[in-house]
Amino acid sequence: MIEEFLQLRLDQALATCRQRWLLGVAAVLVAVLGTALAMVGNASGQGVATMLVITTCAAILAVSASGTHLGAIVVGIVAFQWAAFAADPTGARVVVAALCLYAFHALTALMAAVPHTTEIDPRLLRRWAIRSLYVAGATVAVWGLVVAFERNAPNGNEAVTVLGLAVIAAVLVIVRRTYSTWWSAPAAREPGRRPSGRDDTTG
């Protein structure tokens, strides 16, 4: 059983395209970075090395089987490391670690969407990257607001705060829809093809 599993993974690795390898390496690196942020300075050298090895092995397995739930196990491992070892589990480091976990999730989900022998369309990669930047920007902005409120303790109005957050969310939705419309517009203007989808060359 184990030999069959290892042989299957070996055959899969040999048939994997170069782009897939690069995405897999990136996913493993961001997962390991999440562990490093939690462990370095908060545990002994041996403890840091052990946790890094655990996260690396789990991330490699998750990347090699991106269509399974192994990715969730990696996220759970890193979250446990933060809860158990981080001196300040709500500081600036945790924001970077959260973005690392999001990047890991996004990369493995993207890899699961296509066969491992197929290269992903660069346009699809660009769309995923831009959407990820939206998530990262919103995460940092909300964390910044929380820190500002905690330090300054303003005597604000809760209703105004909620309204402000709603306005920000609405602006993000409008920007995203505008960008999506702009991105899809060239597809409707392909040479030799009418907006209805009929080919001009066929008459």
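## The chain as a whole

Of the contacts in this chain with a separation of 6 or more, 70% join residues 24 or more positions apart; contact here means heavy atoms within 4.5 Å. This is a predicted model, where local features need pLDDT of at least 70 and side-chain atom pairs count only at pLDDT 80 or more, while totals for chains, interfaces and linings use all residues. Residues are numbered from 1 along each chain as its sequence is written, and side-chain values use heavy atoms, with hydrogens and water left out.

You'll find 7 helices and 0 strands, so from the N terminus the elements simply read α-α-α-α-α-α-α (helices are DSSP runs of H or I, at least four residues; strands are runs of E, at least two; numbering starts at the N terminus). Of the 203 residues, 25% count as buried, meaning under 20% relative accessible area, with exposed being over 50% and partly exposed in between (1.4 Å probe, protein chains only). The chain's accessible surface is about 13,300 Å², and carbon and sulfur atoms own 68% of that (Shrake-Rupley method, 1.4 Å probe; for residues, only the protein chains shown count as cover).

## Helices α4 and α5

Helix α4 (residues 70-85) is where Val-75 sits. α4 packs against helix α5 (residues 92-112) at about 170°, with the axes 10 Å apart. That makes the pair roughly antiparallel, a label for angles over 145 degrees; axes are lines fitted to C-alpha atoms over the stretch in contact, and angles run from 0 to 180 degrees between N-to-C directions. On the α4 side the contact uses Gly-71, Val-74, Val-75, Val-78 and Trp-82, and α5 brings Arg-93, Val-94, Ala-97, Leu-101 and Phe-104.

Zoom in on Val-75: leaving aside neighbours within four places in sequence, it touches Leu-101 and Phe-104. Val-75 is still partly exposed, at 30% relative accessible area. Its C-alpha is 9.6 Å from that of Ala-98, 23 residues apart along the chain.

## A nonpolar patch on the surface

Leu-145, Phe-149, Leu-165, Ile-168 and Leu-172 make up a nonpolar surface patch with about 440 Å² of accessible area together. To qualify, residues need over 30% relative accessible area and no salt bridge, with nonpolar side chains (Val, Leu, Ile, Met, Phe, Trp, Tyr) joined within 5 Å. Both α6 (122-152) and α7 (158-188) give two or more residues, and α7 gives the most, with 3. Leu-172 lies in α7 and is partly exposed at 44%.

## One salt bridge

The structure holds 1 salt bridge (a side-chain nitrogen of Lys or Arg within 4 Å of a carboxyl oxygen of Asp or Glu). Asp-121 and Arg-123 form it, at 3.0 Å, N to O. Asp-121 is partly exposed, at 33% relative accessibility.

Methods: Patch = residues over 30% accessible without salt bridge, like charges linked within 9 Å, V, L, I, M, F, W, Y side chains within 5 Å. Parallel < 35°, antiparallel > 145°, perpendicular 65-115°, else oblique.
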